[in-house]
Amino acid sequence: MKRVRYIEAWTAALRDELREDPDTFLLGEDIRDSLRRGTVGLHQEFGDARIIDAPLSEQAFTGFATGAAIAGKRPIIEYEIPTLIYVAFDQLVNQAAKFRLMTGGQAAVPVTYLVPGSGSRRGLAGQHSDHPYALLAQAGVKTAVPSTPSDAYGLIRTAIRDNDPVVVFGPATSMGVREELDLSELPLIPLGEARTHREGSDVTVVAVGHLVQIAGKVADALAPEISIEVIDPRTVYPFDWEALRRSLDKTGRLVVFDDTNRTCGLAGEIIATAVEGMRLSARPVRVTRADIAVPFSPVIESRVLPQAADLRAAIMKVMQKEQQW
Amino acid sequence: MNQHLPGAESAPMIEDLYRSMKRIRLIEETLIGLVAADEVPGSAHFSIGQEAVAVGVCSVLRDSDVITSTHRGHGHVIAKGASAAGVIAELMGKETGPNKGRGGSMHVADLSKGIYGANGMVGGGVPFAVGAAWAAKQDGTEAVAVAFFGDGALQEGILLESMNMASLWGIPVVFVCENNGYAVTLRVEDGVAGSPVARAASFDMPASKHDGMNVVEVREAAERAVAHARAGNGPSYLEFETYRYEGHQSGEESLRLDYRQDAEVQEWRKRDPLLHATSLLAPDIVERIDAEIEEEIAIAVDFARNSPEPSADTATEYMYEGLEPRKVFES
């Protein structure tokens, strides 16, 4: 057992899969030198043929991976910043993700797309701070947002072994999260299986990615008065609706803490599904990003991103009598 | 038309080239009626006039080689070996199509023949060919890939990105441009600056332009490019001047568009690739092949018509492995 940082577990998952399956290879920008620190040491071990620095051609290298995958390889792509997904969007959601269906199941497209450092990094302004996991969920792409080192490890290995395209976001502010782990004995984690980060009985907080730890701290602080259950979905598509149902059967109150825009974000989907068919004794509440491009200056940046104080206020609100149905 | 036939311009070879072109021509002429009658749902893009490119190029490919195609893909798919009956069934949305009725005209694919599909996005399939050819190279096989695209794709960044990667990494892929003069209604002169051949050459790959109405010339150019790739010498670019006799898509005539004149179409009809091939063959041979193909296509249409529709219960199948998609309405 040792204290393992999120990014170390991330890299360990890649190393273990690269060792185990010779058909896997990594393709991305600046991955040999590992600018994002998610591929440190891999080029030394696996060489030029399997750790490939791509030219700055996100559309083409995303489509290249699709072709290689249809031909039997298991490509792993790293997008250096989350918004490169926008550049490659057609190749990801309109080509790779639809290929199995469009060909009537003739071919699988087992590509993994990694985004080490998604969401706000503080001070990176409008074009480097997005967290587009809800867009991918909306497009029906299997998508994971692990919040802990062990989840990052287990979900990345699962993503690589999955026969469909899977996107894995590693939130920028999760990169420093540490856990006591034995990296040689970590299990794979299935897609679509939530983790109860913290048990409670009054309110269910669904928190995504780096917001999980923040929700845990808020819950600890409020513990004397309110018993809060924090659910980490871990994968946003497929979503573990049964885990949400079990938690709401207990609490009947729901707050969603989500790092995507308010309009058509993940929080709206979670709340809609809960309202349609789950036990709720009070109107649910969501804390999200504002519907805005992230402004540069840190003072104003933090006002458009979901914060601990917003979550605290949302929990207090959902507990009020007036909120009851 | 998947074996490499020896002997340039030998009569049996030209017979095979003609047979394949005739098959495509007759399938598409039949499809025009089937679309109009709504037996083929939606619309389709016909390649009538462009058969020599599909047939000449695919005649030098093997089953283990890969092609990626375009929205105007019926010809490529048939030339690479997909069955006429299967393709027609696919376009009719039948369960017996190679895509089980999930793809239709714009996505018809047959992975067992190395056909990575027609594609609904201009240039969208080009990088698949590069990735597949790279995989073949990594595995030490002799397989190559051909990316078919039109002059419209010369206007898409993804094509230039793909050519750049292919050249950087010495990938055994042939970029085949079917320049039919129009990207939908946009004339190639109004959409493409400079010389595409010079562009391709600037990526340090052999690049040349040929008569795309002459199937023998197409085949010879493809033979050189494919041999270059198989020998480990990397990518090349071939541009074929060709023409589509039909509109961009089915039913276009009802829109009475003004982008090209009938006189131009008639000029190109004089260069019809089937007429050209016919001129190289004895009339009785042409007659025999035509009769064979007519029978084959009649049987194929019957097969497609009599094939079952997909069951409505299977509407959400094939999207994922191991995951049931959420439904329209969850009670």
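Predicted model: local features only at pLDDT ≥ 70, side-chain atom pairs only at ≥ 80, totals over all residues.
Within the aromatic cluster, ring pairs link Tyr182(B) with Tyr243(B), Tyr245(B), Tyr259(B) and Trp268(B). At the interface, 37 residues of chain B are in contact with 44 residues of chain A, and about 3400 Å² is buried between the two chains.

**Aromatic pairs and the cluster in chain B**

- Over all chains, the structure holds 15 aromatic pairs.
- In the pair formed by Tyr182(B) and Tyr243(B), the ring centres are 6.5 Å apart and the planes stand at 75°, so the pair is edge-to-face.
- Tyr182(B) belongs to strand 4 (residues 182-183) of chain B, whereas Tyr243(B) belongs to the loop between strand 7 (236-241) and helix 10 (262-269) of that chain, so the pair ties together parts that are 61 residues apart in sequence.

**The interface of chain B and chain A**

- Of the area of about 3400 Å² that chain B and chain A bury between them, 61% lies on carbon and sulfur atoms.
- Three salt bridges are found by the rule across the interface of chain B and chain A, and a salt bridge with an N to O distance of 2.5 Å joins the side chains of Asp139(B) and Lys73(A).
- Between chain B and chain A, 18 residue pairs are in polar contact, counted with both residues at pLDDT 80 or more.
- On the side of chain B that touches chain A, the elements giving two or more residues are helix 5 (126-138) and helix 6 (157-168) of chain B, and helix 5 of chain B supplies the largest share, with eight residues.
- Sorted by class, that side of chain B has 20 nonpolar residues, together with nine polar and eight charged ones.

**Arg195(A) and its surroundings**

- Arg195(A) is placed in strand 9 (residues 195-198) of chain A.
- The side chain of Arg195(A) is joined to that of Ser147(A) by a polar contact of 3.3 Å, and to that of His197(A) by a polar contact of 3.1 Å.
- When neighbours within four places in sequence are left aside, the residues in contact with Arg195(A) are Ser147(A), Thr148(A), Asp151(A), Val212(A), Val230(A), Ile231(A), Asp232(A) and Arg234(A).

- Ser150(A) is part of helix 7 (residues 149-161) of chain A, and Ser150(A) counts as buried because its relative accessibility is 14%, where the cut-off for buried is under 20%.
- Apart from neighbours within four places in sequence, Ser150(A) is in contact with Glu179(A), Leu181(A), Leu186(A) and Ile189(A).
- Ala79(B) is part of helix 3 (residues 74-79) of chain B, and its relative accessibility of 1% makes Ala79(B) count as buried.
- Ala79(B) and Ile285(B) are 206 residues apart along the chain, and their C-alpha atoms are separated by 20 Å.

**Backbone features in loops**

- A cis peptide bond, with omega near 0°, runs from Tyr237(A) to Pro238(A), and Pro238(A) is placed in the loop between strand 12 (235-237) and helix 9 (241-251) of chain A.
- Cys264(A), although not a glycine, has a positive phi of about 60°; Cys264(A) is found in the loop between strand 13 (254-261) and helix 10 (266-277) of chain A, and its relative accessible area of 72% means that Cys264(A) is exposed.
- Arg256(B), although not a glycine, has a positive phi of about 50°; Arg256(B) is found in the loop between strand 7 and helix 10 of chain B, and Arg256(B) counts as exposed because its relative accessibility is 75%.

Conventions. Residues numbered from 1 in each chain as written. Chains lettered and ligands numbered in written order. Heavy atoms only, no water. Contact = heavy atoms within 4.5 Å. Buried area = accessible area lost by both parts, 1.4 Å probe. Salt bridge = Lys/Arg side-chain N within 4 Å of Asp/Glu carboxyl O. Polar contact = N/O pair within 3.5 Å; in protein donor to acceptor, adjacent residues only side chain to side chain. Helix = DSSP H or I, 4+ residues; strand = E, 2+ residues; numbered from the N terminus. Nonpolar A, V, L, I, M, F, W, Y, C, P; charged D, E, K, R; others polar. Buried < 20%, exposed > 50% of the residue type's maximum accessible area, 1.4 Å probe, protein only. Phe/Tyr/Trp six-rings, centres within 6.5 Å; stacked < 30°, edge-to-face > 60°.
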